Amino acid sequence: MDKKTAEKLYDAFYMQVFSYVMTLTKDQDRAMEITQETFFRAISTDQSFRGESKSYTWLCAIAKNLFVDEQRRHSRYEQVPLEDQPDSGKSFEKSMVDADTSIQIHRILHTMEEPYKEVFQLRVFGELSFKEISSIFGKTESWARVTYHRARIMIKERMEKS
């Protein structure tokens with residue numbers, strides 16, 4: 001990849017990829033490192049980009065793989081206790097706006113199993129379409145929709161329990 005193309009790719013997608021990685025790591029320093037490594041790999045190994053997906057989707061797939069590799073290397077997961085929440089008088093969508101509820105959702109997400117956790121994060125925080133999510137996982141768009149719907153149900157049920 002030539003320098004000008006690499007700069008355009010970096011300028012166009014850096015913040016989006018960084019935001020996506022932040023949803024995975026929840027740590028700014030780790031997110032910056034993974035994002036930088038993502039662009040390094042994308043720029044230095046452009047032969048792997050076959051043009052079958054959008055550049056952003058391709059970059060997110062690289063970032064996801066780097067994150068998973070890092071998790072495997074460190075293999076440590078923190079358990080965060082759940083807090084009592086939400087106000088049962090609010091609808092699920094309205095309660096997502098509430099900052100305290102948002103924290104509770106993040107705590108629930110932390111304990112959720114894959115792929116529900118990641119699909120929900122990609123859709124809500126990464127603002128990806130179901131088509132982009134399905135491309136990242138190598139699955140169908142219907143799979144992405146069903147997985148997201150199931151994740152929402154799980155979150156709602158866990159919020160109602162606490």
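Student: How exposed is Glu 141?

Tutor: Glu 141 is partly exposed, at 33% relative accessible area. Buried means under 20% relative accessible area, exposed over 50%, and partly exposed in between (1.4 Å probe, protein chains only). Before we go on, this is a predicted model: local features need pLDDT of at least 70, side-chain atom pairs count only at pLDDT 80 or more, and totals for chains, interfaces and linings use all residues. Residues are numbered from 1 along each chain as its sequence is written, and side-chain values use heavy atoms, with hydrogens and water left out.

Student: Thanks! Which residue forms a salt bridge with Glu 141?

Tutor: Arg 145 does, with the closest N and O atoms 3.2 Å apart. A salt bridge here is a side-chain nitrogen of Lys or Arg within 4 Å of a carboxyl oxygen of Asp or Glu. Both residues lie in helix 8 (residues 141–161), 4 residues apart, about one turn of the helix. Helices (H or I, at least four residues) are DSSP runs, numbered from the N terminus. Arg 145 is partly exposed, with a relative accessible area of 43%.

Student: And what does helix 8 pack at an angle with?

Tutor: Helix 7 (residues 130–137): the angle is about 105° and the axes are 8 Å apart. That makes helix 7 roughly perpendicular to helix 8, a label used for angles of 65 to 115 degrees. The axes are lines fitted to C-alpha atoms, for helices over the stretch in contact, and angles run from 0 to 180 degrees between N-to-C directions.

Student: Which residues make that contact?

Tutor: From helix 7, they are Phe 130, Lys 131, Ile 133, Ser 134 and Phe 137. From helix 8, they are Glu 141, Trp 143, Ala 144, Arg 145 and Tyr 148. Contact means heavy atoms within 4.5 Å. By class, there are 6 nonpolar, 1 polar and 3 charged residues. Ala, Val, Leu, Ile, Met, Phe, Trp, Tyr, Cys and Pro count as nonpolar, Asp, Glu, Lys and Arg as charged, and the others, Gly among them, as polar.

Student: Back to salt bridges. How many are there in the whole structure?

Tutor: A search finds 5. One of them joins the side chains of Arg 30 and Glu 70, at 2.5 Å from N to O. That pair links distant parts of the chain, with Arg 30 in helix 2 (residues 28–44) and Glu 70 in helix 3 (residues 55–74), 40 residues apart.

Student: Is Glu 70 buried or exposed?

Tutor: Glu 70 is buried, with a relative accessible area of 10%, while Arg 30 is partly exposed at 25%.

Student: What about Glu 37 and Arg 41, how do they meet?

Tutor: Their side chains meet in a salt bridge too, at 2.9 Å from N to O. Both lie in helix 2, 4 residues apart, about one turn of the helix.

Student: New topic: where is Phe 39?

Tutor: Phe 39 is in helix 2 as well, and at 2% relative accessibility it counts as buried. Leaving aside neighbours within four places in sequence, Phe 39 is in contact with Leu 9, Tyr 10, Phe 13, Tyr 14, Val 17 and Leu 59.

Student: Last one: what's the story with Lys 117?

Tutor: Lys 117 is buried yet has no salt bridge, and the nearest side chain of opposite charge, Glu 114, is 4.5 Å away. For charge, Lys and Arg count as positive and Asp and Glu as negative, while His and the chain ends are not counted. Lys 117 is found in helix 6 (residues 116–124).

Notes
Helix = DSSP H or I, 4+ residues; strand = E, 2+ residues; numbered from the N terminus. Parallel < 35°, antiparallel > 145°, perpendicular 65-115°, else oblique.
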